[in-house]
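Morning, everyone. Please have a look at the screen, and then we'll go through the surface, the fold and the interface.

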Amino acid sequence: VGELPPETTASEWAKLRRRMSKYDWLSFHLLGAVFFLAGAVAFHVLQLCAARRERPSEIASLLGLTRVPELAIRVGAVLALAFGIWLAYVDKEVPHYTITDEWILAAIGLWVFANALGERGARIYHEARALADRLAVDGDAASTQLRALVRSPRAAMLVWASTGTVVAILVLMIWKPGAP
Amino acid sequence: MLAIFGRPETWNWLLMFHVLTAFVLVGASLVVTSASLMAARSADQNLVTMLRGVAFRTNLVLVLLGGSLAEKEYPDESRHLAGSMPERASALSQASSRGYC
């Protein structure tokens, strides 16, 4: 079986586009939003549990579990943005919404801001995870440096502000201020 | 889909609450599953106890709470919040004319 000629691929793509309704595109956008915000909830739960622990092995385990929600956040952020822009682009399928609407531009700006905040906050927790892993194999004794990293007010403020910004995007998506 | 495309403005708060609690439910389920799986694989008894405690408390507080709140999408009582029947009928007809439903 050889490669399809380009015109066949383009025609398949056109057929797929015709078959996909606005609800199908919307479901991918919503799936991304679920991954994004549910991942943030899971991250916060694990981060709060880790902040209450003293033993490095326990902190390492809890912060190690945050890898799954972090992946969900990354995948969800990309899916929500990509399919959100696509939904606004195919304006003949979703009438009245265009990519230049103020509420859509504001949501994209907030998306960038939320990811920048989350990335900076997560960097401190990654540092804490690496230190906890080292201490866990090296006697598993409580450490003030690890405690300071896990309970860092700066890291907590950054990740909570990031989640707050994503909730603001959700508010924009539901109320759609200025949309007809 | 009607809740997303063809809803009256007064339902926005209900949808927001429903969506947020659904996110809490999914996120907390993720924590319960991953903590339980890690506890099942761990050989350290203290770690197993701690992880099972995290899974149990998350399940008790967030999964059950989030689940019970998220399932209340539009109960019968929502008509009191959502305005009169003519208002809802008008919203549906507007949505229909825009091709939303």
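The accessible surface of chain B is about 5,800 Å², and 64% of that belongs to carbon and sulfur atoms. These areas come from the Shrake-Rupley method with a 1.4 Å probe, and for residues only the protein chains shown count as cover.

Two notes on the model. It is predicted, so local features need pLDDT of at least 70 and side-chain atom pairs pLDDT 80 or more, while totals for chains, interfaces and linings use all residues. Residues are numbered from 1 along each chain as written, chains are lettered from A and ligands numbered from 1 in written order, and side-chain values use heavy atoms, without hydrogens and water.

Now the fold. Chain B has 5 helices and 0 strands. Helices are DSSP runs of H or I, at least four residues; strands are E, at least two; numbering starts at the N terminus. Of its 101 residues, 38% are buried, meaning under 20% relative accessible area (1.4 Å probe, protein chains only).

Next, the interface. How many residues does the contact take from each chain? It takes 33 from chain A and 33 from chain B. Contact means heavy atoms within 4.5 Å. Chains A and B bury about 2,900 Å² between them, 76% of it on carbon and sulfur atoms. That buried area is the accessible area (1.4 Å probe) lost on being put together, summed over both parts.

The rule finds 1 salt bridge across this interface. D44(B) and R55(A) form it through their side chains, at 3.4 Å, N to O. The cut-off is a Lys or Arg side-chain nitrogen within 4 Å of an Asp or Glu carboxyl oxygen.

Technical notes:
Buried < 20%, exposed > 50% of the residue type's maximum accessible area, 1.4 Å probe, protein only. Buried area = accessible area lost by both parts, 1.4 Å probe.
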